[in-house]
Amino acid sequence: RYDAVLTHLPSRTARGIYARAFSVRSAAKVTGKTMLYALDGRDPTMETGLPYEGGIRIARTTTVRARAFREHWVPSPLVAHTFVLPFRVAAHQAPAAYPSTWGEALTADYTVDPSFSSDVDAQQELAAALTTLPTIALAVDPSHLFDPESGIYTNTESDGADWERPASFEFIDYESSMQIHAGLRIHGRSSRKPMTSPKHSFRLLFKAQYGDGTLRAPLFGADAAEGFDTLVLHATSNYSWTFPLVEQRVRAQYTRDAWAKETQRAMGHASAHVRYAQLYINGLYWGIYAVSERPDANFMASYFGGRWEDYDVRKGGETVDGEDRAWRTLLAMSADGFESEESYAALLDVLDIDNFIDYMILNHYAGNENWDYGNWYAARRRAPGG
């Protein structure tokens, strides 16, 4: 068993937000071992890692990934710490090795509006704004994102487990922070299309193959679950400033999805919690994202009890967890109609009618025109009365 020489990377500093440049120093004793680190998002190896020689200068937003090596020993656990320097965000340029296009035609966009870099007042205003929300930092091998053949950000319409890549996920809040290793995928439907938006949504999957199989943190407050096997980072496609249609860009709000979820919960029903955060990828600012639960079987078990295996979940036109027997029964009842009190009473054994009525009211009130294209969930516990 390897006696890990790195309990944490920095001694006087830890992941967080800083006003000025500084040096990170390790408190770990490395006698007889070699400590290697990477600043580009990669997992440091004996071939690619930079040798730690007494300090790491942090002059811009940077994720430090480090581990220790010793001959004939298993490497120490990988650690990752992100240091955010808001005043340097506007001047941060992508590495020269990053591609100039994503896919075949979309021009890559890695930087903040150039006008910020020459306006001191604007830089200060931007820096202040960047600290008003929590920070999420992703560290990913650049090839896993941007390789023409295998990168998930250059092949955004590819989906499934074959298009999941290892990543470090950090959440830095006002009073606390945490880090966990996870799988990373592109998330969404039409928003995956390269010409729809250059800013794509992500899905994080917390699995034992990467480290802890569950993220345990009170991300959404005391009334929400504290254990997650997945999270979604919504970029917001519809009604955003990046949407290709002008009529949507001029109505950009970035609040519709979160408002609908919060309103459904205010009406007394279960709904995915959401909060906003500033996202950085390998130190580059990626914009405001909405962090949300995903209402799958694990979500249902968290809020209604039992195990995730006990639930049937429909997403749009497909069953994503469990089976579809009860769903087909519900559709058959609806097709037959409700000409008697008995037939309507039978429906109530399958459908939570008050929940359904409020759900319909909410979507009509909001004018949800992008609704029945797979953008809904339905779920039940596979038990009598479920």
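1. Tyr239 counts as buried because its relative accessibility is 7%; buried means under 20% relative accessible area, exposed over 50%, and partly exposed in between, with a 1.4 Å probe and protein chains only. Tyr239 sits in the loop between β16 (230–234) and α3 (246–249), and its phi is near 55 degrees, a positive value in a residue other than glycine. Most residues other than glycine have a negative phi.

2. The model is predicted: local features need pLDDT of at least 70, side-chain atom pairs count only at pLDDT 80 or more, and totals for chains, interfaces and linings use all residues. Residues are numbered from 1 along each chain as its sequence is written, and side-chain values use heavy atoms, with hydrogens and water left out.

3. Asn282 also has a positive phi, near 50 degrees. This residue lies in the loop between β17 (274–281) and β18 (284–292). Asn282 counts as buried because its relative accessibility is 9%.

4. Seven strands form a closed barrel in the order β10-β11-β12-β13-β16-β18-β17, with mixed pairing. From one strand to the next, the twist averages 40 degrees. Helices (H or I, at least four residues) and strands (E, at least two) are DSSP runs, numbered from the N terminus; two strands pair if DSSP finds at least two bridges between them.

5. Strands β12 (residues 177–187) and β13 (residues 201–205) run antiparallel and are joined by five bridges. Ile186 has Phe202 in β13 as its bridge partner.

How values were computed
Axes fitted to C-alpha atoms, helices over the stretch in contact; angles between N-to-C directions.
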